[in-house]
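Please read the following briefing alongside the sequence and the 3D structure. It is grouped by topic.

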Amino acid sequence: MRQKLLAQLEEQGYKGRIVSAEHLPELQEGIEGHRSQCLFDEELYQEYLTGFEFNRPDSVPKAKSLIVVAIPQPSTRITFRWNGEPVPVLVPPTYLHWEETDKRVEDVLAEALAPAGCRVAQARLPKKLLAVRGGLGHYGRNNISYVPGLGSFHRLAAFYSDLPYPEDNWQEQQMLEKCQTCSACLRVCPTGAITSERFLIRAERCITFHNEKSGDVPFPSWISPSSHNCLVGCLHCQRVCPENKDVVQWIEDGEELSEEETAQLLEGLPLDRLPAAMADKLQRADLSGLVDILPRNLGILLARVRED
Ligand code: B12
Ligand code: SF4
Ligand code: SF4
């Protein structure tokens, strides 16, 4: 059953690992251990790290296993017309259509497990830690997970299941071998979030922490405007990584927004006040959830284009 499940994931282009749910306390310790050593910025901890659920869910109260799945994903190029020019802007992997993606993986698992009478439920767990300890991948120095054949260009999804799993691939967390002789990500990170003082990144310095914030929060002055490089998130430390050489140019073309639409986005109008056709386009592209942050994030990229 376990081998068949993994093969069914592979058929869809995903890679998965199954570990015993007995490891839940170790996953919790992976977060709380750092917290007790005061290694997290408090605001970051409250915003991102308090939502994990380390108890089995009501829908699978006797969950015996955890399944972690890597789904290969490209960057997406969105083109904004501005000052008569097309301005291509990237959205990194993992940001778009993530709800459908996770649901699709859940459906594959549910279908595969149903004949054995086993259930599955999405899990709110630290997914990189689960992937690395489950033997699916390794940590890069940039703290992102790398899966053989996929580099870091993948989304991670985690699930509880009552599929029994007496033996598992649980292991110590490992760094990519390549990182022993490389520090390209550390050198390229424009905000010093990756440091040589410790492995855990200073996530409060990561551009992504700041450009995912609600649109009314301005960027801190210590982030140079020239450091911004994506509509949301950041690609500097993934783009420079030799382990990503086969995926870094994997870019899919997304929507194009006209000069007028771009101007309307920069005005910061909420979705329900935008013309219906434009709202549809944003929804199709799964950009509607980003409307709030676009005036700030897109504004800083377009201001640079104007200067160039
Ligand atoms: C909080 C969070 C953020 C925060 C904090 C980032 C961070 N590194 O913690 C912010 C907003 C900054 C962020 C940014 C990004 N994120 Co994010 N984020 C998350 C989230 C919600 C939790 C991550 C977490 O658990 N952090 C807590 C720390 C403690 O855990 P950790 O990062 O795994 O750190 C471990 C190592 O440092 C290790 N460790 C410590 N010492 C040592 C020593 C050695 C030798 C080794 C090997 C390991 C090791 O211990 C820690 C765990 O105990 C997950 C979703 C989820 N549910 O898991 C997505 C997630 C991790 N993010 C994701 C992505 C894609 C990103 C970005 C790449 C997006 C982008 N393009 O900008 C950036 C990358 C920034 C970076 N360099 O890490 C993906 C990662 C996919 C992948 N391939 O790894 C996830 C899994 C979302 C998803 N569903 O796919 N993110
Ligand atoms: S850029 Fe170099 S140091 Fe950073 S994750 Fe990739 S291989 Fe490791
Ligand atoms: S995502 Fe950008 S800011 Fe964050 S660690 Fe990587 S290079 Fe630095």
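Strand 2 is largely enclosed by the rest of the structure, because 7 of its 8 residues are buried (buried is under 20% relative accessible area, exposed over 50%, partly exposed in between, with a 1.4 Å probe and protein chains only). This is a predicted model, in which local features need pLDDT of at least 70 and side-chain atom pairs count only at pLDDT 80 or more, while totals for chains, interfaces and linings use all residues. Residues are numbered from 1 along each chain as its sequence is written, chains are lettered from A and ligands numbered from 1 in the order in which they are written, and side-chain values use heavy atoms, with hydrogens and water left out.

**Sheet**

- Four strands form an open sheet in the order 1-2-8-5, with antiparallel pairing; helices (H or I, at least four residues) and strands (E, at least two) are DSSP runs numbered from the N terminus, and two strands pair if DSSP finds at least two bridges between them.
- Strand 1 (15-20) and strand 5 (120-122) are the edge strands, each pairing on one side only.
- From one strand to the next, the twist averages 30 degrees.
- Strand 1 and strand 2 run antiparallel and are joined by 6 bridges; Ser 20 has Ser 65 in strand 2 as its bridge partner.
- Strand 2 pairs with strand 8 in the antiparallel sense over 8 bridges, and Ile 71 stands opposite Arg 155 in strand 8.
- Strand 8 (residues 154-161) also pairs with strand 5, in the antiparallel sense, over 3 bridges; here Val 120 stands opposite Ser 161.

**Helices on the sheet**

- Helix 1 (residues 2-11) packs on the sheet and touches strand 1 and strand 2 (65-72), contact meaning heavy atoms within 4.5 Å.
- The direction of helix 1 makes about 150 degrees with that of strand 1; axes are lines fitted to C-alpha atoms, for helices over the stretch in contact, and angles run from 0 to 180 degrees between N-to-C directions.
- Helix 4 (residues 98-113) packs on the sheet as well, touching strand 2, strand 5 and strand 8, and its direction makes about 40 degrees with that of strand 8.

**Cavity and pocket**

- The whole structure has 1 cavity of 30 Å³ or more. On a 1 Å grid over the protein atoms alone, a cavity is a set of points where a 1.4 Å probe fits but cannot get out, and a pocket is an open set with protein on both sides within 12 Å along at least five of seven lines; lining residues have an atom within 4 Å of a point.
- The largest cavity has a volume of about 100 Å³, where a volume is the space filled by probe spheres set on the points, which are joined across faces, edges and corners.
- Of the 14 residues lining the largest cavity, Cys 179, Cys 182, Cys 185, Cys 241 and Pro 242 are the closest to its centre.
- The second largest pocket has a volume of about 320 Å³ and is lined by 21 residues, with Pro 74, Thr 76, Leu 96, His 97 and Glu 252 nearest its centre.
- Strand 3 (75-82), helix 4 and strand 9 (251-257) each supply at least two residues of this pocket's lining; strand 9 gives the largest share, 4 residues.

**Gln 174**

- Gln 174 lies in the loop between strand 8 and helix 6 (184-188) and counts as partly exposed, at 37% relative accessibility.
- Gln 174 touches Val 132, His 138 and Tyr 139, not counting residues up to four places away in sequence.
- The C-alpha atoms of Gln 174 and Tyr 139 are separated by 6.2 Å, although these residues are 35 residues apart along the chain.
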